[in-house]
Amino acid sequence: MQGNGAGAAVEVLFQANATLAEGPIWDGRTRCLYWVDIRRARVSRFDLSAGRQTGVWIAPSRVGCVALTTDPGTLLVAAGATISTLDLATGGTETVAELPIDTARFRANDGRVDRLGRLWIGTMIDDIHAPDQFRDGQLFRVDPDSTVVPSGFEFELPNGLAWSGDGSLMYLNDTTAQTTYVFDYDLASGAVSNRRVLYDHGAGEGFPDGLSIDADGNLWSAQWDGWNIRKISPEARLLAEIPMPVRRPSSASFFGDALDRIVVTSATVDFQMKDFIDSPDAGSLFTMPANATGVPENLFQLQN
């Protein structure tokens, strides 16, 4: 189903040749797009003004996500169990917090910053082929003062995160459970409660991965192994299923000066020869008009 989604053909924005590209975030202050290649432990930057990649930083371990901070020259990076700042000019890092996980089995995955500058981040088992009973994904809140607070909920593989416009609802994709959850969210305290299923992806194609929200409250979910992006209303209606030219789109996010375009990361992890033949541009970043407007990324509040 195509209607009410993107209105034009998908195009390659950048041939990143990534193994597992994820988590694209747009910084309107610098007109730059950041994303990670998890398996290669890389953070990359695409400068829209220059029309090219202008930076690559190597993390000490698999990097799950990055987030913008109140300083446009500093990113927040989650790698392994470590949340740290990255000075984009020098490459220097400083630890903000450590997640209480067994790094022999688990690592940080996708994350996002809420309206009050706190990072929410999921953790997942690093071996994606492990049996379901060993997944034990968790979700944590990392406050600017370095306090780490568990959400109190468990997941199989927590992934994309987003909040409603008024901040009262939080959404999360649980990939292998094929579920988009919605929670009540107390913005003042940062507490989540009343988890329920918003959308069950089990009847469709693919597994819900990276997630973003538009100004109308609709969710845009990249469908791993599904060759598509799903647009889902806050009332849990499937508004569009936008075909992608790759098997494993991994995340969808808004970018551009008007936040009216979608950028989609993709992956080649565990590909066989047939997959590369069927998806010759896999591992690239793709773009398309959204016929919708996104919301700016929130900024992690750095402490002086």
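The structure is a predicted model. A search of the whole structure gives 14 salt bridges, and 2 cavities of 30 Å³ or more are counted. The largest pocket holds about 460 Å³ of space, while the second largest pocket has a volume of about 390 Å³.

**Strand 12 and its neighbours**

- Strand 12, which spans residues 137-142, has 5 of its 6 residues buried, so this strand is largely enclosed by the rest of the structure.
- On one side of the pairing list stands strand 11 (residues 119-125), which pairs with strand 12 in the antiparallel sense over 5 bridges; within this pairing, Leu139 of strand 12 is the bridge partner of Gly122.
- Strand 12 is also joined by 5 bridges to strand 13 (residues 148-155), again in an antiparallel arrangement, and here Val142 stands opposite Val148 of strand 13.
- Strand 12 and strand 13 form a hairpin with 5 residues between them, and in its turn Ser146 has a positive phi of about 80°.

**The hairpin of strand 4 and strand 5**

- Strand 4 (residues 42-47) and strand 5 (residues 52-58) run antiparallel and are joined by 6 bridges, with Phe46 standing opposite Gln53 of strand 5.
- This hairpin has 4 residues between its strands, and Gly51 takes a positive phi near 70°.

- At least two residues of the lining of the largest pocket come from each of strand 2 (21-27), strand 10 (106-113), strand 14 (158-163), strand 18 (207-213) and strand 22 (249-255), and strand 14 gives the largest share, with 3 residues.
- By class, the lining of the largest pocket consists of 13 nonpolar, 8 polar and 8 charged residues.
- The second largest pocket, at about 390 Å³, has a lining of 23 residues, of which Ile128, Leu157, Thr175, Thr176 and Trp224 are the closest to its centre.
- Strand 10 and strand 18 each give at least two residues to the lining of the second largest pocket, and this lining divides into 8 nonpolar, 5 polar and 10 charged residues.

- The largest cavity has a volume of about 100 Å³ and is lined by 13 residues, with Gly23, Ile25, Asp110, Gly111 and Arg112 nearest its centre.
- Two or more residues of the lining of the largest cavity come from each of strand 2, strand 6 (63-68), strand 10, strand 18 and strand 22, and by class the lining has 7 nonpolar, 4 polar and 2 charged residues.
- The second largest cavity has a volume of about 40 Å³, and its lining is made up of Ile25, Val66, Ala67, Leu68, Gly111, Arg112, Val113, Glu297 and Asn298.
- Strand 6 and strand 10 each supply at least two residues of the lining of the second largest cavity, which divides into 5 nonpolar, 2 polar and 2 charged residues.

**Salt bridges**

- Side chains of opposite charge can pair when their charged atoms come close.
- Arg29 forms a salt bridge with Asp27, the closest N and O atoms being 2.9 Å apart; Arg29 is partly exposed at 39% relative accessible area, whereas Asp27 is buried at 2%.
- Asp225 forms a salt bridge with Arg248, with the closest N and O atoms 2.6 Å apart. Asp225 lies in the loop between strand 19 (219-224) and strand 20 (228-232), and Arg248 lies in the loop between strand 21 (238-243) and strand 22, so the pair ties together parts that are 23 residues apart in sequence.
- Asp225 counts as partly exposed at 23% relative accessibility, while Arg248 is buried with a relative accessible area of 9%.
- Asp225 and Arg248 also belong to a network of salt bridges that links them with Arg247 and Asp275.
- Glu241 forms a salt bridge with Arg230, the closest N and O atoms being 2.8 Å apart. This pair links distant parts of the chain, with Glu241 in strand 21 and Arg230 in strand 20, 11 residues apart, and Arg230 is buried at 3% relative accessible area.

Terms used
Residues are numbered from 1 along each chain as its sequence is written. Side-chain values use heavy atoms; hydrogens and water are left out. Buried means under 20% relative accessible area, exposed over 50%, partly exposed in between (1.4 Å probe, protein chains only). Two strands pair if DSSP finds at least two bridges between them. On a 1 Å grid over the protein atoms alone, a cavity is a set of points where a 1.4 Å probe fits but cannot get out, and a pocket is an open set with protein on both sides within 12 Å along at least five of seven lines; lining residues have an atom within 4 Å of a point. Grid points are joined across faces, edges and corners, and a volume is the space filled by probe spheres set on the points. Ala, Val, Leu, Ile, Met, Phe, Trp, Tyr, Cys and Pro count as nonpolar, Asp, Glu, Lys and Arg as charged, and the others, Gly among them, as polar. A salt bridge is a side-chain nitrogen of Lys or Arg within 4 Å of a carboxyl oxygen of Asp or Glu.
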